Amino acid sequence: SSAPQSVHVVFIPLLAQGHMIPLVDMARIFASRGAVATIYTTPVNARRFRTTVNRSSKLGMPIRLVEIPFPCEEVGLPIGYENLDILPSPELLTKFYNGMGKLQEPIEKHLREQTPAPSCIISDKYIFWSSETAQRFGIPRFVFHAMCCFSVLSAHNVKHFNCSDSITSDLEPFEVPGMPKGFKITKAQLPGNSVRQQDFEVFRGKIQEAEMAAQGVVLNSFDELENGCIKAYQKAIGKRVWCVGPVSLCNKDESDMFQRGNEASSDAEKCMAWLDSMKPRSVIYVCLGSLCRLAPSQLMELGRGLGASQQPFVWVIRRGEGDSELENLLMEERFEERVKGRGIVIRGWAPQVAILSHQAIGGFLTHCGWNSTLEGVCSALPMVTWPLFSEQFVNEALVVDILGIGVRVGVKVPVRWGEERKNVILVREDEIARAIDALVSEDEEGKERRKRAAELGEKARRAMQEGGSSQSEVSRVLQYIMAGPTQEAV
Ligand code: UDP
């Protein structure tokens, strides 16, 4: 079913790549179903999505990408600091939150002038003030978590059952009540541990309050992947949880895949051409997300691991401080010379979905950020897992222990925000090479893993097709918006 043109869904993403990218895709999905979609963001962020949004609009999807200036000066941030492209220090994070709070008034002013009037807000969990905005307009607000339901539920249950209190050891894996069998996590790996609690205290309460006031939850995931967690979470919170993904699958043509988020590095074209020359399913794609910059010594260790494994690879290295130190190390060890013909380095932003969709890619070394994980699933890839922080260890457990499509490099504890560049080696070269070799192995385990990944990729695709679970959920969200909550019982 499609929505009449009077349904107007407003999207307010958190200003970070891993949060904006999926929400912009989601807006395009709702627009493709006939709703009017408005996305509020700031000029620097709008620039990254303008081309894609315009292309969708030309295809008849009514999307409004609205720029609200970000008050950097007013809150004491450097000019242009409009997104979390890099993990911020606690001080910067607080200022950044203050800056985002200042978007509320101009957004509400703009909204008041819109026709059709807004009918619903889908906003990031962290945009807590949008709850108030929704109340002012008398419309529902749905919370968007940039996570899977599995990890949202695990966080809920850890808290609900007071798991942390009863566990004394930091490194002893324990089970969480109400989670699928086989799920274990350690206290050290719980999401809260990577951010220093006190830095966040001011906002934590407001975020929770707004979450409780929300009418529903929208996630970028799909039913067949969640192992019963959607129903369980709905029951736990007493409201609807809609999984409408994998949203990245709305990018069907090459140019959309190529332009998600930042502008692709100039190395990207070369990489795509090189991939064309490689055997199907032979190359490992290595990328640790948009936020984290690891210490040069740790990155070099990763490089050596890639060198030691005999597998062809594409390695994405984020730009950031310490570039020259890493470049020196790479030069000293004649890295690119040694892996010539077998490995490609992309410095800067990679067109990740375009690369993962290339038939030459056969595996993904990922930090288990939820978007990356799901994009790997969509491309039917087995994964080497190297979680860094937040809920990434939970995603790792889902990928390895529940879905059976991953091999751990074996990290025990998260990187703490603000300390990620410390010169400690978290993972050794031989562990990296070992995990990659296991991933591509022709033994029974390796074959089974690839088979499961292929099946899951197929399920992901089906979920987004006509009659698929996620496609139907979009219809249900639209129905809810049009008819109100009475239509459907939880
Ligand atoms: N991404 C990309 N190119 C890069 C790095 C990341 O396109 O070089 C995209 C990736 O496809 C994903 C998002 O950025 O959609 C990162 O989100 P994720 O949840 O994986 O991790 P985060 O960056 O939030 O840690």
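Q: In which helix of this predicted model is Phe49 found, and is Phe49 buried or exposed?
A: In this predicted model, Phe49 is found in helix α2, which covers residues 43-58. A residue is buried if 20 or more other C-beta atoms lie within 10 Å of its own. Phe49 has 25 C-beta neighbours inside 10 Å, so Phe49, in α2, counts as buried.

Q: Which residues are in contact with Phe49, leaving aside its neighbours within four places in sequence?
A: Phe49 and Asp25 are 24 residues apart along the chain, and their C-alpha atoms are separated by 9.9 Å. Leaving aside the neighbours within four places in sequence, the contacts of Phe49 are Val24 and Leu65.

Q: How many residues surround the ligand, and which element gives the most to the shell?
A: The ligand is surrounded by 19 residues, and the closest are Gly18, Gly289, Ser290, Gly369 and Ser372. Two or more residues of the shell come from each of α1 (17-32), α16 (352-356) and α17 (370-378). The shell holds 19 residues, and the element that gives the most, with four residues, is α17.

Q: Where is Cys368, and why does Cys368 count as buried?
A: Cys368 is not a glycine, yet its phi is positive, at about 70°. Its place is in the loop between β13 (361-366) and α17. Cys368 counts as buried because its C-beta neighbours inside 10 Å number 29.

Q: Which loop holds Ser390, and what is its phi?
A: Ser390 lies in the loop between β14 (383-385) and α18 (392-402). With 25 C-beta neighbours inside 10 Å, Ser390 counts as buried. Ser390 is a residue other than glycine with a positive phi, near 50°.

Q: Is Asn251 buried or exposed, and which residues does Asn251 touch?
A: Asn251 has its place in the loop between β9 (240-243) and α11 (254-258). With 20 other C-beta atoms within 10 Å, Asn251 is buried. Its C-alpha atom is separated by 34 Å from that of Thr94, 157 residues apart along the chain. Not counting residues up to four places away in sequence, Asn251 touches Asp256, Met257, Arg260 and Val353.

Q: Where is Gly348 found, and how does Gly348 count by its C-beta neighbours?
A: Gly348 is found in the loop between β12 (343-347) and α16. Its contacts, leaving aside neighbours within four places in sequence, are Ser265 and Arg319. With 15 C-beta neighbours inside 10 Å, Gly348 counts as partly exposed.

Q: At what angle do the axes of α13 and α14 cross?
A: Pro296, Leu299, Met300 and Gly303 in α13 meet Glu325, Leu326, Leu329 and Leu330 in α14. By class, this contact has six nonpolar, one polar and one charged residues. The crossing is right-handed. The axes of α13 (residues 296-308) and α14 (residues 323-332) come within 9 Å, and the angle is roughly 35°.

Q: Why does the radius of gyration of the chain agree with that of a compact globule?
A: The C-alpha trace spans about 60 × 50 × 45 Å along its principal axes. For 490 residues a compact globule would have a radius of gyration near 23 Å, so the chain agrees with its value of 22 Å.

Q: How many helices and strands has the chain, and what share of its residues count as buried?
A: Among contacts between residues at least 6 apart in sequence, 74% join residues at least 24 apart. The chain has 21 helices and 15 strands. Of its 490 residues, the share that count as buried is 48%.

Terms used: Residues are numbered from 1 along each chain as its sequence is written. This is a predicted model: local features need pLDDT of at least 70, side-chain atom pairs count only at pLDDT 80 or more; totals for chains, interfaces and linings use all residues. The radius of gyration is taken over C-alpha atoms; the globule rule is 2.2 Å times the number of residues to the power 0.38. A residue is buried if 20 or more other C-beta atoms lie within 10 Å of its own, exposed if 12 or fewer, and partly exposed in between; C-beta atoms are placed from the backbone. Two residues are in contact if their C-beta atoms, placed from the backbone, lie within 7 Å. Axes are lines fitted to C-alpha atoms, for helices over the stretch in contact, and angles run from 0 to 180 degrees between N-to-C directions. A crossing is left-handed if the near helix is turned anticlockwise from the far one by less than a right angle, and right-handed if clockwise. Ala, Val, Leu, Ile, Met, Phe, Trp, Tyr, Cys and Pro count as nonpolar, Asp, Glu, Lys and Arg as charged, and the others, Gly among them, as polar. A residue is near a molecule or strand if its C-beta atom, placed from the backbone, lies within 6 Å of it.
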